[in-house]
Amino acid sequence: MSRNSLLCGLNSDESLIAFWKLLFCPSLRKHFGSEPSLQWCEKLIATFLAGDHATFSARCDTMAREVEAASSVQPQLSLENPPWAMLSLDMRIGMVPWATPIFGRFLLLFLSTGSANWKGKPVLPIAFVTSGGPGDSKDTAIRICAPSNAVRVSAEYWLMRGFLWRREEGPHFSLAPDEQGKTFSMHAYTDESGQKKSIYFETTNSFGREKHDFDEFLHEV
């Protein structure tokens, strides 16, 4: 890469790894191969840096078709089967790699800035769902890995907006540690039938130290 920091807050190598992990979930890495998929990402970034947006879009379209074929036997995305990764351009709506329509166009816009705006500050607007689902109890709480507290909390809303039908949005609480020392983010809501419910996201050992967790995640093999 010719830029020292393609993505906000990351160096060149970290940007490539974050980009790769965003686009290739573990099952896709297994299907396409870790090295080939990483090299594909490196070439895609190179076409962007060269300003060759036509080739960038063509490569994204081709890969989208290959991913669709590879994912045809996978269960539909839902809170029970949450997406591996999400990206937002505005910190409000989360887009799922290869699942959101015209995702390649959004990806090009994302690389053009490398960040999103959060209360006047640039942030890296990507998040990964590392475990859990559907989040209807603490036992099924969804765990999100994100580069900052702002993005982690926003990603909770991205998931809810995308996969949870709510008649009304209730309050959001950060729960105190339970008897096992686990902490959770809980969102109250009213469902389509008028029942009051809650959805849980686990924050144990990540609340307040999101950047550290995200750095560790990037360097995981």
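Start at the largest cavity, whose lining has five nonpolar, three polar and two charged residues by class (Ala, Val, Leu, Ile, Met, Phe, Trp, Tyr, Cys and Pro count as nonpolar, Asp, Glu, Lys and Arg as charged, and the others, Gly among them, as polar). You're looking at a predicted model, where local features need pLDDT of at least 70, side-chain atom pairs count only at pLDDT 80 or more, and totals for chains, interfaces and linings use all residues. Numbering runs from 1 along each chain as its sequence is written, and side-chain values use heavy atoms, with hydrogens and water left out.

Select Y157, M160, R166, E169, G170, P171, H172, H187, A188 and Y189 to show that lining. On a 1 Å grid over the protein atoms alone, a cavity is a set of points where a 1.4 Å probe fits but cannot get out; a pocket is an open set with protein on both sides within 12 Å along at least five of seven lines; lining residues have an atom within 4 Å of a point. Now colour β6 (168–174): this strand gives the most to the cavity lining, with four residues.

Next, go to the largest pocket, with about 600 Å³ of space (the space filled by probe spheres set on grid points joined across faces, edges and corners). Pick S71, Q74, L77, P97 and A99, the nearest to its centre among 23 lining residues. By class, this lining has 16 nonpolar, six polar and one charged residues.

Last stop: the second largest pocket, about 210 Å³. Select D61, A64, I102, F103 and G104, the closest to its centre of the 13 lining residues. Helix α4 gives the most here, with six residues (helices are DSSP runs of H or I, at least four residues, and strands of E, at least two, numbered from the N terminus).
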